[in-house]
Amino acid sequence: AEARWASFLAEASRALAASLDPAVTLAEVARLAVAEIADWCVIYLPEPDGRVTRFQVRHRDPAKAPAVRAIREHPIDPAGNHPVLEVLRTGRPLLLAEVDDRVLASVTEEGTHRELVRELGLTSGMYVPLAARGHVLGAVAFLSSDPARRYSESDLRRASELAARASSPRAPRSPWTTPASSPPPSRRASPRRRRPARSSASSSGSTRSARSTSRSPGAWTCA
């Protein structure tokens, strides 16, 4: 497994270095995520006016394309409790090891947002910062819709490694200037698993590795 991951990271590094266009690089991150460690992936970028947008959304199931487009356009309240807001503020990765119906109800907005997340599927999730030169520029969500796949701390470390490959001084500037910091030790997480890639549904705008904060998701909304 470690040899396979090392090989994947080497391939990812080559793919991410192939373009100087940050939009292309971020789209490639989503493609690589869905190919190896997620059923769907969301890349979040903060805007100068304080909004946070889903710059890229990609799902491994092409049939989910309408839901992918819809959730990409769904607004995120910058004063709300979406978990990505904490990641952007602190620079710390965040793990939702298991998302059951009760947790799903507590981490999604009632109505359209919750229904879209149900349609796309969410059983486990990881939120990882995109940081360069000590500043948080955005975040990536690696999300599982497979009940057999529960993310663990080791998965989170791997997701952070992939995000670090995409973070560079040429990445877009961000109003989130909080320095990325080393998080405290996390609580226990549940294990794990990976699945081979297929073609996927995606929607986009244009085209540091750290330990995690693993917490009860009751106050967050996600995806």
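How many of the seven residues of strand β1 (residues 40–46) are buried? Seven of the seven are, so β1 is largely enclosed by the rest of the structure. Buried here means under 20% relative accessible area and exposed over 50%, with partly exposed in between, for a 1.4 Å probe and protein chains only. Strands (E, at least two residues) and helices (H or I, at least four) are DSSP runs numbered from the N terminus.

The model is predicted: local features need pLDDT of at least 70, side-chain atom pairs count only at pLDDT 80 or more, and totals for chains, interfaces and linings use all residues. Residues are numbered from 1 along each chain as its sequence is written, and side-chain values use heavy atoms, with hydrogens and water left out.

In a regular strand the side chains alternate between the two faces of the sheet. In β1, Trp40, Val42, Tyr44 and Pro46 lie on one side and Cys41, Ile43 and Leu45 on the other, and both faces are covered.

Two strands pair with β1, where pairing requires that DSSP finds at least two bridges between the strands. Strand β2 (residues 52–59) runs antiparallel to β1 and is joined to it by seven bridges. Tyr44 stands opposite Arg54 in β2. β1 and β2 form a hairpin with five residues between them, and Gly50 in the turn has a positive phi of about 95 degrees. Strand β5 (residues 135–144) pairs with β1 in the antiparallel sense over five bridges. There, Val140 is the bridge partner of Ile43.

The next element is helix α1. With 15 residues, α1 reaches 21 Å from its first C-alpha to its last, close to the 21 Å expected; the expected span is 1.5 Å times one less than the number of residues. Its buried residues are Trp5, Phe8, Leu9, Ala12 and Leu16. Seen down the axis of α1, they fall within an arc of 100 degrees, so they line one face of the helix. That arc is taken from the directions from the helix axis to the C-beta atoms. Ala3 and Arg14, on the other side of α1, are exposed. The buried residues of α1 pack against α2 (22–36) and α7 (153–166), with contact meaning heavy atoms within 4.5 Å.

Rings of Phe, Tyr and Trp (its six-membered ring) pair if their centres lie within 6.5 Å; planes under 30 degrees apart count as stacked, over 60 as edge-to-face and the rest as tilted. The count by this rule is two aromatic pairs. Trp5 and Phe8 form a tilted pair, at 5.1 Å centre to centre and 35 degrees between the planes.
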